[in-house]
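Here is a short note for a colleague opening this structure for the first time. Please read the points with the model on screen.

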Amino acid sequence: MDPRIGAIEALKADPTISSLRRSLDLSYGRPELEAAMDEFYARFVQTGDLVFDIGSHVGDRIGSFRRLGARVVAVEPQPPCARAIEAIYGGDDQVTLVEAACGSRAGTVRLHVNSANPTVSTASAHFVRAANGAGGWENETWDAEIEVTATTLDALIDEYGVPTFAKIDVEGFEDAVLTGLSRPLPALSFEFTTIERAMARRCLDRLTALGFHGFNLALGDDLSLAFPEWLSAERMAAQLLSLPHEANSGDVYCVSGRLSRPDGGPCS
C-alpha cells in the first residue's frame, strides 16, 4: 500500500487541521483525476526535470510532477499546508519543502489567512479588497494575518537550479512572484481571477519582458488548454478581458524558446 495513503487519512482525521479536509478529499484518492493531471502536465514535465510548485497547498500537483519523474521544490507559507506536505511527501528525497511565501524580494511578508478556506489565503491585500462584495466571493473571509518568510524565484534558482516548469498559484500575488524572476524559464503557469484582470495583464507584461512569447489558457480546474496554438501576450490579454465574471479563475500557461503546438506537435 502507498504509505502516503495512511498519512492522508491521518491528516483528514486530525481536528487541528480540519479546514484542509475538503482539499485533501478533492486532491487525493481520485485515480481518474490523477491520470488526467499527469497527461496534461506531461507536455511540460519529463523524467529528471526540476519543477517549482509555488503555492503548493496540500500538494496534489507535487504528486503529479513526481509521477512524471521530476524533482520538486514545493513552496508553501501556510503552516497547516506545509505540515500536510511534510506528512505526505516527507519520505521522498526528491521533494524539497520550502516553508515560505514567494514574492518580489526576500525577507518577510504578511499573509492574509482565510481560516475556513485556506486555499484562498493570500499575501495580496489588494486581492482581499477586490474579493470584497464580488459575485462568487460573498462568503469568503480573511480573518487572520501572520508574518511569514519570503523568498524569490531568483533565490530558489540560485539554491536549487533552473526549473523546466514552475506552477505559480498564490491568489493574486502572482505579479509579485514574477517580479522576483530575472530570466526566462522553459515554461511556467500563473493563476488569474476575473476579479483581478489587471494583475494578470501585469504578469503578461513581465513575462514578455523576460522573453516568454507563447501563451495559452486553462479555465477553472479544466485540465486542457483552450487554444490549439500558442497566442501572443496581446491576444491572451484580450481573451482574459473578454471572459465573463462567472469564469472566475484559471491558469495561463507560458513558454519561451522554440514553440511546439500545445499538444506537443510542431508548429506549422
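1. A word on burial comes first. A residue counts as buried when its relative accessible area is under 20%. Tyr 41 is at 1% relative accessibility, so it counts as buried. Keep in mind that this is a predicted model.

2. Phe 40 is also worth a look. Its relative accessible area is 2%, and it is buried. The rings of Phe 40 and Tyr 41 have centres 5.2 Å apart. Their planes stand at 80 degrees, so this pair is edge-to-face.

3. Phe 40 has another ring partner, Tyr 253. Here the centres are 5.1 Å apart and the planes meet at 75 degrees, so this pair too is edge-to-face. The pair links distant parts of the chain. Phe 40 sits in helix H3 (residues 31-41), and Tyr 253 sits in strand S10 (residues 249-255). They are 213 residues apart. Tyr 253 is buried, with a relative accessible area of 3%.

4. Now widen the view. Phe 40, Tyr 41 and Tyr 253 belong to one aromatic cluster, together with Phe 44, Phe 65 and Phe 165. The structure holds eleven aromatic pairs.

5. Tyr 41 also has a polar partner. Its side chain and that of Arg 61 are joined by a polar contact of 3.1 Å. Arg 61 lies in helix H4 (residues 60-67). Leaving aside residues up to four places away in sequence, Arg 61 touches Met 37, Tyr 41, Asp 53, Lys 167 and Leu 223.

6. Turn next to a helix pair. How far apart are the axes of helix H1 and helix H5? They are 8 Å apart, with H1 spanning residues 3-13 and H5 residues 79-89. The packing angle is about 150 degrees. Angles over 145 degrees count as roughly antiparallel, and H1 and H5 are therefore roughly antiparallel to each other. From H1, the contact uses Arg 4, Ala 7, Ile 8 and Leu 11. From H5, it uses Ala 84, Ala 87, Ile 88 and Tyr 89. By class, that gives seven nonpolar residues, one charged and no polar.

7. Last, a glycine. Gly 103 is in the loop between strand S4 (101-102) and strand S5 (107-113). Is Gly 103 buried or exposed? At 4% relative accessibility, it counts as buried. Not counting residues up to four places away in sequence, Gly 103 touches Thr 151, Thr 152, Phe 173, Ala 176, Val 177 and Gly 180.

Terms used. Residues numbered from 1 in each chain as written. Predicted model: local features only at pLDDT ≥ 70, side-chain atom pairs only at ≥ 80, totals over all residues. Heavy atoms only, no water. Helix = DSSP H or I, 4+ residues; strand = E, 2+ residues; numbered from the N terminus. Polar contact = N/O pair within 3.5 Å; in protein donor to acceptor, adjacent residues only side chain to side chain. Contact = heavy atoms within 4.5 Å. Buried < 20%, exposed > 50% of the residue type's maximum accessible area, 1.4 Å probe, protein only. Axes fitted to C-alpha atoms, helices over the stretch in contact; angles between N-to-C directions. Parallel < 35°, antiparallel > 145°, perpendicular 65-115°, else oblique. Nonpolar A, V, L, I, M, F, W, Y, C, P; charged D, E, K, R; others polar. Phe/Tyr/Trp six-rings, centres within 6.5 Å; stacked < 30°, edge-to-face > 60°.
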